[in-house]
Amino acid sequence: MLRIKNLQAKVAGKEILRGIDLSVNVGEVHAIMGPNGSGKSTLAQVLAGRDLYEVTGGEVTYDGQNLLALSPEDRARAGIFMAFQYPVEIPGVSNMYFLRSALNAIRRNRGLEELDAIDFLALAREKMKGLEVEEGLMVRPVNEGFSGGEKKRNEIFQMSILEPRLAILDETDSGLDIDALKIVANGVNALRSPERAIIVVTHYQRLLNYIVPDFVHVLSGGRIVKSGGKELALELEHRGYGWLEDAVAAGQSA
Amino acid sequence: MPTPQTEIEILANREYKYGFVTDVETDTVPAGLNEDIIRAISAKKQEPEWLLDWRLKSFRHWLTMKEPTWANIHYPPIDYQAATYYSAPKMVKPGAKSLEDVDPELLKTYEKLGIPLKERELLAGVAVDAVFDSVSVATTFKEKLGELGIIFGSFSEAVREYPDLVRKYLGSVVPYTDNFFATLNSAVFSDGSFCYVPKGVRCPMELSTYFRINAKDTGQFERTLIVADEGAYVSYLEGCTAPMRDTNQLHAAVVELVALDNAQIKYSTVQNWYPGDKEGKGGIYNFVTKRGKCLGVNSKISWTQVETGSAITWKYPSCILQGDNSIGEFYSVALTNNYQQADTGTKMIHIGKNTRSTIVSKGISAGHGQNTYRGAVKILKGAEGARNYSNCDSLLLGDKCGAHTFPYLEVKTAKATVEHEASTSKIGEDQIFYCRQRGLSAEDAIGMIVNGFCKQVFRELPMEFAVEAQKLLGVSLEGSVG
């Protein structure tokens, strides 16, 4: 589904990604881990199409098409969703209206009929269950005055409405207490499906106790330095990132 | 991939849809301004002596005045002798009683503007007075309103039919000596709307005036006077458009509102005069004096304006809160793009006890637009218990535009409360990206963000106008949910 080959990117003239290779198949859950500054979030943003980042080399295909040539909205309409590390506030625009507009933009693009307010409300109520999203949150302006936990739950709620084929969670666990983390993880797990791939970007292993990945990749210095199964995350928990970085440095100097 | 910046430009550069010219034969006075011209205008309108005297008094005073320069707007000197002060489509006879007397070309014009004048095609619930250049073309639903004792129609007609009412209130809120542009208007005003709602009557429909400038090099100087007698209520809407021309045209209107005891007037404007082209050529110079007087106790005057047009906007709809417990409100959205300049705001003058005022101003600047909020809150000595709340927010789209805020405050009693909040923000790349990541186009994203920014003002507008205002800002309509 997603093929990343030798992807390189920089921001403000600084090289961040130095050759990423990664394949994600439908139905799989991949965790991308790594120390601060390793390029995890950059990778997520580049996949979503943020133009702050300049792609300087490599290629990315999504369902066989050149992903890098698509605008952010076309990527979203093709089924890519990113849960933001810092969800953005949009004052005066109700969460409900925002989300219905987004869903209808995607549906239009796929030749589906748009949902009216009543049908949308029914869908939203259905999806709210289990995420502990209160209905009051829906009529409030997008993310404005939301607590950190509410913002993250709102991201997952949006994801459940938009039903992406490829979901990218960018440090969704940051700033969450354990209860909020469980709610968010349950929401994500409910979306696991053979029809969908999920990439979980995280600094800590903690989230992976609840969202158990099929594959774990460790990013360091803009490259994937180690890949493995879910046990790799546990190893990182015990040993930290230092030993991997040392090993990479040794390998480079040898 | 289009960047947000170019999308902002596309939005800002949308074409003006109302720029066509109607080909009608006109009755026009020669260009220039002197006492003979004023006499000629007055004679064409078959005015009584007292009104001609008032005009001449105004003109003589105007000659002693200087054009104000304190506003944050810049334009080449206006040649007041080059403009034409009266132009009327020939086929409209003064006092035309039915639409059959109106040139079909004119009716077509209003249809094109989306304002059909045939009552059965009209939105039920809105009565329209259509003003074309210097005269009122038609007023709808007059009879129905008449049954309730409500007087609604052209100013000229009111002068003929209700001279005592007009004489009593004309200039009572904006005296002929008030300011350069109001004084000019007092000398040369052509037509406009007049409305009187009698004691205890709640006007059952929205009253509306639609102003259209058509003739070239002609100024429009209309005058509106609305009086709500004790316990009356009226909601009034004003809309305006003009053809695209590459010379600037002057519009200097005066609006006076009077609310007696327990009366309420709600005045809403969607101003869409031609703003000029992308290089800033052409467009209307809009110098308007709007003021309401809450004369009676417990009265209320509420101004809501959406200003998207004009090359220059100079406009401060204000309230004189004279009656005890009276309330003044000002809700404003002003959008400037390309080379538009707006210097707009309000004055709230608290005289009576326990008077309250609310000011909510939203300025949006795009392109090279310059947007200034200028507001004054004056609380006089006797206004014990007065309260004011002001909130002025500015939104910048792009990095070549400007936003400025000048709040003035004068409080002469210790027993008053004044609050002021202000903010300036730039439309965020991260906001736009967030919307696009959810599948919305950059243009829709900007529209949505701008619309959200204006929401506090839009919700004050009557339904039909709120829709038009949102469309004007290039936004899709907010849904019924939320």
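Which strand of chain A does strand β1 (residues 2-11) pair with, and over how many bridges? To see the answer, select β1(A) together with β2(A): the two run antiparallel and are joined by eight bridges. Strands count as paired if DSSP finds at least two bridges between them. Helices (H or I, at least four residues) and strands (E, at least two) are DSSP runs, numbered from the N terminus.

The model is predicted: local features need pLDDT of at least 70, side-chain atom pairs count only at pLDDT 80 or more, and totals for chains, interfaces and linings use all residues. Residues are numbered from 1 along each chain as its sequence is written, chains are lettered from A and ligands numbered from 1 in the order in which they are written, and side-chain values use heavy atoms, without hydrogens and water.

**The sheet of chain A**

Within the pair already selected, A:Leu2 lies opposite A:Val24 of β2(A).

**A salt bridge within chain A**

Select A:Arg165 and A:Asp63, which form a salt bridge with their closest N and O atoms 2.4 Å apart. A:Arg165 belongs to the loop between α6 and β9 (166-170) and A:Asp63 to the loop between β4 (53-62) and β5 of chain A, so the pair ties together parts that are 102 residues apart in sequence. A salt bridge here is a side-chain nitrogen of Lys or Arg within 4 Å of a carboxyl oxygen of Asp or Glu. Over all chains, the structure holds 24 salt bridges.

**The interface with chain B**

Display both chains: 41 residues of chain A are in contact (heavy atoms within 4.5 Å) with 28 residues of chain B. Together the chains bury about 2700 Å², 63% of it on carbon and sulfur atoms.

For one salt bridge, select B:Arg438 and A:Glu155, whose side chains meet at 2.6 Å, N to O. On the side of chain A that touches chain B, the elements giving two or more residues include α1 (40-48), α2 (72-77) and α6 (148-162). Colour α3(A) as well, for this helix gives the most to that side, with nine residues.

**Confidence**

Finally, colour by pLDDT, the predictor's confidence in each residue, from 0 to 100. Chain A has a mean of 91, and 98% of its residues reach 70 or more. Among its elements, helix α9 (residues 242-253) has the lowest mean pLDDT, 70, and β6(A) the highest, 97. For chain B the mean is 82, with 77% of residues at 70 or more. Residues 1-13 of chain B fall below 50, although this stretch has 30 contacts in the model beyond near neighbours in sequence. The model scores ipTM 0.95 and pTM 0.80.

Definitions and conventions: Buried area is the accessible area (1.4 Å probe) that two parts lose on being put together, summed over both.
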